[in-house]
Amino acid sequence: NGKRAVSVGEWVLLATANSDIIAKQAALSVPDIFLPRLLLCCGMSKTSLVTMIERLSKLGESVSDPSKLYNELLSTSAVSEWGLQKGNRITIKKRLHGRIASYLRIFSNAMTDGEQDELNTIERCAFVTWLASEVSTATVKKSDSTTRCFDEIMNSLNSSTSTSLDEESFIDLEDEEIDLSIGERIVIDTCASEGHTRRSADSILTEEFIKSTLTA
């Protein structure tokens with residue numbers, strides 16, 4: 001029936017167990033698809049964390065296109081099995097990057113100089129460096145895309161040859177996490193709720209229209 005013998009919730013309990021032996025065995029045994037999910041857990045031991053990151057790095061090294069493999073592990077279908085609130089791929093990457101960085105910082109503060117080499121190695125491994133690069137690239141794209149994306153949508157809405165706004169334009173806003181102003185989001189959201197029907201430029205962009213939406 002497609003049901004897994006061990007649920008993702010059970011893997012979480014095993015990976016965060018107080019026993020290092022149990023936690024490490026869980027990190028070694030959990031299906032690849034759940035590895036990123038377990039890295040979002042709180043309260044993991046260093047052994048469990050290091051084991052999972054090493055597994056992900058070896059997975060990347062075993063294929064010709066590591067980025068494609070990692071993105072597949074963070075795809076919508078993969079994330080849907082995690083039992084968490086859904087988020088787009090960029091959001092998941094940022095959460096993973098932040099959680100791993102926090103773990104490394106906590107463990108680093110509790111380690112001697114001789115033990116620090118292990119964490120330095122983890123910080124430079126394939127999966128962590130790929131994740132850092134993806135988050136950095138996404139941040140730059142977000143800044144560059146904000147004005148461009150809103151302008152493109154407004155041009156589409158106001159075009160005399162357009163009768164409706166392509167739904168993909170709205171989806172792009174969410175996927176790219178565009179940081180629009182309150183007024184811009186009001187305009188987009190209102191147009192979306194009205195079936196993406198095109199309004200005239202006068203009614204869309206006027207201050208009166210934005211104010212009327214705020215007080216509606």
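A residue is called buried here when its relative accessible area is under 20%, exposed when it is over 50% and partly exposed in between, with a 1.4 Å probe and protein chains only. The model is predicted, so local features need pLDDT of at least 70 and side-chain atom pairs count only at pLDDT 80 or more, whereas totals for chains, interfaces and linings use all residues. Residues are numbered from 1 along each chain as its sequence is written, and side-chain values use heavy atoms, with hydrogens and water left out.

The chain holds 13 helices and zero strands, where helices (H or I, at least four residues) and strands (E, at least two) are DSSP runs numbered from the N terminus. Of its 216 residues, 37% are buried. The accessible surface comes to about 12,300 Å², and carbon and sulfur atoms own 50% of that area, as computed by the Shrake-Rupley method with a 1.4 Å probe. Among contacts (heavy atoms within 4.5 Å) with a separation of 6 or more, 65% join residues 24 or more positions apart.

Turning to the aromatic rings, Phe, Tyr and Trp (its six-membered ring) pair if the ring centres lie within 6.5 Å; planes under 30 degrees apart count as stacked, over 60 as edge-to-face and the rest as tilted. The rings of Tyr103 and Phe107 are stacked because their planes stand at 20 degrees, with centres 5.6 Å apart. These two residues are four apart in helix 7 (residues 89–109), so about one helical turn separates them. Both Tyr103 and Phe107 are buried. Ring pairs also draw Trp130 into a cluster with Tyr70 and Phe127.

Leu49 touches Leu39, Met44, Tyr103, Leu104 and Phe107, when residues up to four places away in sequence are not counted.
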